[in-house]
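Subject: Structure handover

Hello,

Here is the structure you will be taking over. Notes on what was found in it follow below.

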Amino acid sequence: MIYKTFCARMDHGGCGILVHVEEGRIVKIEGDPESPLNRGTLCAKGIAQIERLDHPDRLLYPMKRKGARGEGKWERISWDEALTILSGKIKKAIESEGPQSIAFAQGTPKGLELFLLLRLANLLRVPNLSTPGNVCHMPRETASHLTCGFFPIPDYDHSPACVVLWGSNLLQTNEEGIIGSQLLRILKNGTKLIVIDPRKTGLASRAHLWLRLKPGTDLALALGILKVLIDEELYDHDFVHHWTKGFEELKDHLKSFDLDRISDTTWLPKEQSLEAANLIGKTKPT
Ligand code: SF4
């Protein structure tokens, strides 16, 4: 029997999956080609869902270490005993060092568990709570708001003609678990790719143009690309007129830069900045 369902969100994806069941056990999971989200692909976590259920090392009840740390010796204890030990240690830490001596940490929240943990921390007056979001999603969202004023999401369903990956390795970071396969799909359909990265990533080797700039000189390159876009009138005049502020000041600022100086700073031949700006300016939509 094959059941059509969706991945139980080991991240935020919710990809469509086909679950093969034999004699009451899941024997295979594959991507659902009819899912508009993942279109038949699955990430490694999705494929490993069977092990979430059946792996012999899956934790099914509280375990307490016995013997020395690192010895790998554990014994099963009851939930009552586990809760008594934990609450006793928390109480002791608060009494002796105060609530700020405690930190809670958890993996990527998929449901309400973060709010339960927040509530617990509030009740105990513990100010320290951390998730991978502090190093993963939040910097991305904060930088997007500061740069664009909102949180832009690439629209790979209406294929852009040109994609710029600036210091971003989507096949490894794979935001939302599916963005890497979405990018590969549009590249197969002819989308042009510009990669700006000192490292030769897998995507850099597939790029139409790879700008291997000197680390830390991204802003100089951005100024160079802006200068070409403006000098050669490659920008969207209507958008600039209706939606930007300070464009004339930017133009004035760019007058003091020339591409030779930017090339010296970034270690990139100036032809590459020119080519990147022309690709960005002329290949629509980017
Ligand atoms: S990206 Fe992976 S883990 Fe996330 S929903 Fe899809 S298959 Fe599951």
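How many disulfides does a search of the whole structure find? The search finds zero. Please keep in mind that this is a predicted model. A disulfide is a covalent bond between the sulfur atoms of two cysteines. As for individual cysteines, cysteine 7 has a relative accessible area of 9% and is therefore buried, the cut-off for buried being under 20%. Cysteine 43 has a relative accessibility of 23%, so that residue counts as partly exposed.

Next, the second largest pocket. Its volume is about 220 Å³. Strand E4 (63-65) and helix H3 (79-97) are the elements that give two or more residues to its lining. H3 supplies the largest share, four residues. The residues lining this pocket are Leu59, Tyr61, Pro62, Met63, Lys64, Arg65, Ile77, Ala82, Ile85, Leu86 and Lys89. Sorted by class, eight of the lining residues are nonpolar and three are charged, with no polar ones.

Last, threonine 266, which sits in helix H11 (residues 259-266). Its relative accessibility is 0%, so threonine 266 counts as buried. A polar atom of the threonine 266 side chain lies 2.8 Å from the backbone oxygen of isoleucine 262. The backbone nitrogen of leucine 268 is 3.3 Å from a polar atom of that side chain. Apart from neighbours within four places in sequence, threonine 266 is in contact with Leu213, Lys214, Thr217, Ala220 and Leu221.

Regards

How values were computed
Residues are numbered from 1 along each chain as its sequence is written. This is a predicted model: local features need pLDDT of at least 70, side-chain atom pairs count only at pLDDT 80 or more; totals for chains, interfaces and linings use all residues. Side-chain values use heavy atoms; hydrogens and water are left out. On a 1 Å grid over the protein atoms alone, a cavity is a set of points where a 1.4 Å probe fits but cannot get out, and a pocket is an open set with protein on both sides within 12 Å along at least five of seven lines; lining residues have an atom within 4 Å of a point. Grid points are joined across faces, edges and corners, and a volume is the space filled by probe spheres set on the points. Ala, Val, Leu, Ile, Met, Phe, Trp, Tyr, Cys and Pro count as nonpolar, Asp, Glu, Lys and Arg as charged, and the others, Gly among them, as polar. A disulfide is a pair of cysteine sulfur atoms within 2.5 Å. Buried means under 20% relative accessible area, exposed over 50%, partly exposed in between (1.4 Å probe, protein chains only). A polar contact is a pair of N or O atoms within 3.5 Å; within protein, one must be able to donate a hydrogen and the other to accept it, and residues adjacent in sequence count only if both atoms are side-chain atoms. Contact means heavy atoms within 4.5 Å.
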